[in-house]
Amino acid sequence: MLPAPLPASRRLLLGMLLGVLALAAALPLPAASADGPAESQHPVRLVLATAGLTWEDVDPQTTPHLQCLADRSGVGAMNTTSASVVSTKRQGLETLRTGYRGLAEEAPRSSGIPTPPTDQWAQLPVPSTEVSSPEEVAPALEAEAIVQFTAPSVPQGDEAARAEGLAALDDAVGTVLEDLGGCESAQLPRILLVSVAATDPEHPEEAENPGAVASRTAGLQVAMDSALPGRALTSGATKQTGVVVLTDVLPTVLDSYGATADGLIPGQPFRGAEHAQPQQLALDRSLAARLVDGATVPALGSWFLLGVAGLVLLLVPPLARRPRPAAAGRALAAIAPLALPVGLYASLVPWWRADSPTLALTGVVWAGCALLSAVVLAGPWRHHRLGPAGVSAALIAVLILAESALGSRWQLASPLGAQPISGGRFYGLSNHLFGMVLAASLMALLCLFAVVRTARARVVWTVLVGGAVAAVCVAPSMGADFGSMLATIPTFGLLALLVSGVRLRLWHVLALGAGGAATVLGVSFLDWLRPAEERTHLGRFIDELLSGELLTVIVRKLAQNIAMTTGYPALAVVMVLAVLASAALLMPGRLRWRSLAALDAEHPASYPVRVALVVGTWLGYAVNDTGPVLVASIVGIWLCCLPAVLPPRTGDARHPVPADGAGDTARTA
């Protein structure tokens, strides 16, 4: 006799999990070594440490010695964030020795900084010494030691004091170079010049306030490596040409001597990448990072005002009952979120070089949004009420995923990208971007299900969309995001089960959670097999797992999540609104949300989509360290798109209010 066929639920779940495993297996196993940016074999002999020096300060007229050293070095813009909101020079000087951001003794326990601090320079095969005078450098180098020279700082604020500080720093660097044979000498040792912090206050303890998010008022700092002349600095920590992190300095020093750190450290050695104008690139990175926050609100906000106008037309009853204003409101609400993907690609145009960067960025955003709006509003889908919102949501998800899939080339100078000043991550799919992708993908499916009416077709579309999102999220060369995979598979798997007509059981939920965890761990292990400097966040998680730091990592991420929720009033308000919205989305009948209840009566498949959205939102919040930002992204997109798909109000007629999930419910969707 033939074996009895598996129940439909098990066939569906087994197919989904096999697809997940196939996705993990399809990712190529990295080779043990790979061609990468150039590196130097010369040992670092001298580290020049200053503070407050940006690439906007380096100039042939005002800082000739710094300019000369830059001309014969690899250069990059450097992030110097620490465990406190504002980084200081004393924190940066400790980072040079320990490889961790900030002061170990002062940092909160949740920061993950080992206490007491370990001076990793003790691992070097040569002695090390610190000097505070430029005249002491040459004699110390003659003693075959690696030398750290703490140079004068460049103060912030007062222009006169800043000019004086720049002159003192340039003179000190000039004295050092002259004592070593001159800047153009072929006998110069390998020199690292790094500005270890944006500030050097007289009373640093008053400025070093702990916080969940680093200040973005401090600019990127200068980094130079004389062993990589004519190249743009990069590292495995940033994977971005022209950008490095302060924690990369210690690994660079250790690597140059073939030494290894005592325990795990977060940074990776400097590497040199080919670039036609590395100093211009470093300046561009610095300018964009400094200007982007101030330009973002006018640029994106001016376009979002269209969405506000659309919501007014849709939510004010006298206007919503009139066909033409309601149609205009749906169109405006549908195109309002298009500013998000356009903002992510804004660095395609170097807006920061304009005389008015804010106006330039605003022009870039409006031009890009106008182009996408034509696609949304002019296609044949415009004849369906849900068409424009669905196409808009699909464009948002596709464009954001494409940016990560292509290597995160445009994020760093864009309003919606991972900002290098914050230093959370420099590539891949950040939590706010994943929130946008999740929200937009589910909204696109909700609109698609209005025309795709069979259970099988809906399951297929759900699996295809979920698989595409999962592939980009978890691939090390793309999204490289651990937390998003833990939310993606359960969210889309749950939706597939709901629209299939299968009765949901507890073991389904447990299997989806296990599938997500198994996939991300499997891909993380593949990433871990690569050389250390090529690994992403995924592979480094395996390092932390093997070193017994799993509990520390979990506690640190939970602490940051809670700190963001409680420490920022705007995010706290968003979280409260998200809780209320979640209840309203799941219980429109009980809460007398007549328009949404009417949507369920007209389009029953919208209810399981909303169930998946709520589950994905709060699961994403729980497994990511900046969960409130993820939730805010989801709320923003659905706030625009959902009113655009609700049934129109007609006259004074009141929509019938069926029970939640009534009609053709999730079981028969």
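Let's start with one residue. Arg97 is buried, at 11% relative accessible area, because buried means under 20%. Keep in mind that this is a predicted model.

What does Arg97 meet in a salt bridge? Its partner is the side chain of Glu130, at 3.8 Å from N to O. Arg97 sits in helix α3, residues 89–98, and Glu130 in strand β3, residues 128–131, so this pair ties together parts 33 residues apart in sequence. Glu130 itself counts as exposed, at 51% relative accessibility.

Next pair. Arg271 forms a salt bridge with Asp255, and the closest N and O atoms are 3.8 Å apart. Arg271 belongs to strand β9, residues 271–273, while Asp255 belongs to helix α7, residues 249–256; so parts 16 residues apart in sequence are tied together. Arg271 is buried, at 8%. Asp255 is partly exposed, at 34%.

Back to Arg97 for a moment. Salt bridges with shared partners join Arg97, Asp119 and Glu130 into one network.

How many salt bridges does the structure hold? Ten. One of them joins Glu56 and Arg290, with the closest N and O atoms 2.9 Å apart. This pair links distant parts of the chain, 234 residues apart: Glu56 is in the loop between β1 and α2, and Arg290 is in helix α8. Glu56 is partly exposed, at 37%. Arg290 is partly exposed too, at 43%.

Last stop, helix α23. A kink of about 30 degrees is centred on Trp638.

Note on methods: Residues numbered from 1 in each chain as written. Predicted model: local features only at pLDDT ≥ 70, side-chain atom pairs only at ≥ 80, totals over all residues. Heavy atoms only, no water. Bend = angle between axes of the 7 residues up to and from the residue. Helix = DSSP H or I, 4+ residues; strand = E, 2+ residues; numbered from the N terminus. Salt bridge = Lys/Arg side-chain N within 4 Å of Asp/Glu carboxyl O. Buried < 20%, exposed > 50% of the residue type's maximum accessible area, 1.4 Å probe, protein only.
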